[in-house]
Amino acid sequence: MILNQFLLLSAFLFCTGAYGVIARRHTVLVLASIELMLTAVNINLVAFGASLNSAAGQVFALFVLTIAAAEVGVGLAIVLLIYRNLRSADPDDLAELKG
Amino acid sequence: MVAQNVFFWIFAVAMAIGAIRVVTTDNIVHAALWLVVVLGGGAAQFLLLGQEFIAWVQVIVYIGAVIVLFLFGIMLTHAPMQAHETLGNNLRAVGLAVSVLLAGTLAWVLVDQFGNDKIHLVAPVRTAEVGDVVFRSYLVPFEVVGVLLLAALIGAVVLARRD
């Protein structure tokens, strides 16, 4: 196996996630796209760890995974709060900072 | 090595299809379920790389917990469960341009830098080695991430409770 096949797969996933963040109209789907990007990062870390024959890649991927779980928990709480106040989960409706 | 490459491509194609469906499908529940395909494919890639611990953590934490959280979020925001054509906004062209440019740049840099570098797998990394590395070299970050998780837990409860 060459290293680049994993890195290119993860680059593809990252770009798909970036498209989702820009083009989706439901906040939960935006969070799902962010999860795609974080998975891409994890694949990178683990592939580099395997190519360097070190367990550190797994450890960093573990940290990323923990932070992803925390992010989804807090993110969904914020989405719920926004939905309760605005009756909408569309990020485009959050335009109250415009004068 | 040949078998590993065959399985890599099988999982890679499944992950690519799943990722594209996550960001294009009109049904929000299907998007969450396609995300399961991508994350499960990621766990399979970790197994191919001989990194067993992170593969099973990915299955348990992501597929077991995060997807369930997503489904709860979909349910609690009363999202339309049927196909719904307005899940994409009018920034599709911009998003496509950004992601194609980003993919092109990343692919160019990666091919330029790493070319045909091989991964020489000696043996799967045992979970005991991961534990050693966590509790020897990365003890402080590990504890910090634990505190962060506690803070996120309390923060989520404070944000979401009705008062």
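**Exercise 1. Describe the fold of chain B and decide how spread out it is.**

Solution. Read the elements of chain B in sequence order: the pattern is α-α-α-α-α-α. The model is a predicted one. Next, count the elements. Chain B holds six helices and zero strands. Then compare sizes. The globule rule gives 15 Å for 163 residues, and the radius of gyration of chain B is 20 Å, well over that value, so chain B is more spread out than a compact globule. Now take the box. Along the principal axes, the C-alpha atoms of chain B fill roughly 50 × 40 × 25 Å. Burial comes next: 26% of the 163 residues of chain B count as buried. Last, look at the contacts in chain B between residues at least 6 apart in sequence. Of these, 59% join residues at least 24 apart.

**Exercise 2. Work out which parts of chain A touch chain B.**

Solution. Start with the totals. Chain A brings 61 residues to the contact and chain B brings 77 residues. Then assign the chain A side to elements. Helix H1 (3-23), helix H2 (27-51) and helix H3 (56-86) of chain A each supply at least two residues. H3(A) gives the most to this side, with 21 residues. Finally, sort the residues of the chain A side by type: 43 are nonpolar, 14 are polar and four are charged.

**Exercise 3. Find the residues with the most contacts inside the largest nonpolar core, then follow one of them.**

Solution. The largest nonpolar core has 64 residues. Val28(A), Ala32(A), Val46(A) and Val22(B) have the most contacts inside it. H1, H2 and H3 of chain A give two or more residues each, and so do helix H1 (2-24), helix H2 (28-48) and helix H3 (52-76) of chain B. H1(A) gives the most, with 13 residues. Now follow Val22(B), leaving aside its neighbours within four places in sequence. In chain A, Val22(B) is in contact with Gly20(A), Ala32(A) and Leu36(A). In chain B, its partners are Ala31(B), Trp34(B), Leu35(B) and Val38(B).

**Exercise 4. Check the span of H3(B), then locate its kink and its buried residues.**

Solution. H3(B) has 25 residues, and at 1.5 Å a residue the expected span is 36 Å. From first C-alpha to last, H3(B) reaches 35 Å, close to that value. Now look for a bend. H3(B) has a kink of about 25 degrees, centred on Tyr62(B). Tyr62(B) is also buried. Other buried residues of H3(B) include Phe53(B), Val57(B), Val66(B) and Phe70(B). What covers the buried residues of H3(B)? The cover includes H2 and H3 of chain A, together with H2 and helix H5 (127-136) of chain B. Just after H3(B), His78(B) takes a positive phi of about 50 degrees.

**Exercise 5. Decide whether H6(B) lies largely in the open, and check its span.**

Solution. Helix H6 of chain B covers residues 139-160. At 1.5 Å a residue, its 22 residues should span 32 Å, and its end C-alpha atoms are 32 Å apart, which agrees. Then count burial. Two of the 22 residues of H6(B) are buried, so H6(B) lies largely in the open.

Note on methods: Residues numbered from 1 in each chain as written. Chains lettered and ligands numbered in written order. Predicted model: local features only at pLDDT ≥ 70, side-chain atom pairs only at ≥ 80, totals over all residues. Helix = DSSP H or I, 4+ residues; strand = E, 2+ residues; numbered from the N terminus. Rg over C-alpha atoms; globule rule 2.2 N^0.38 Å. Buried ≥ 20, exposed ≤ 12 C-beta atoms within 10 Å, placed from the backbone. Contact = placed C-beta atoms within 7 Å. Expected span 1.5 Å × (residues − 1). Nonpolar A, V, L, I, M, F, W, Y, C, P; charged D, E, K, R; others polar. Core = buried A, V, L, I, M, F, W, Y, C linked by C-beta atoms within 7 Å. Bend = angle between axes of the 7 residues up to and from the residue.
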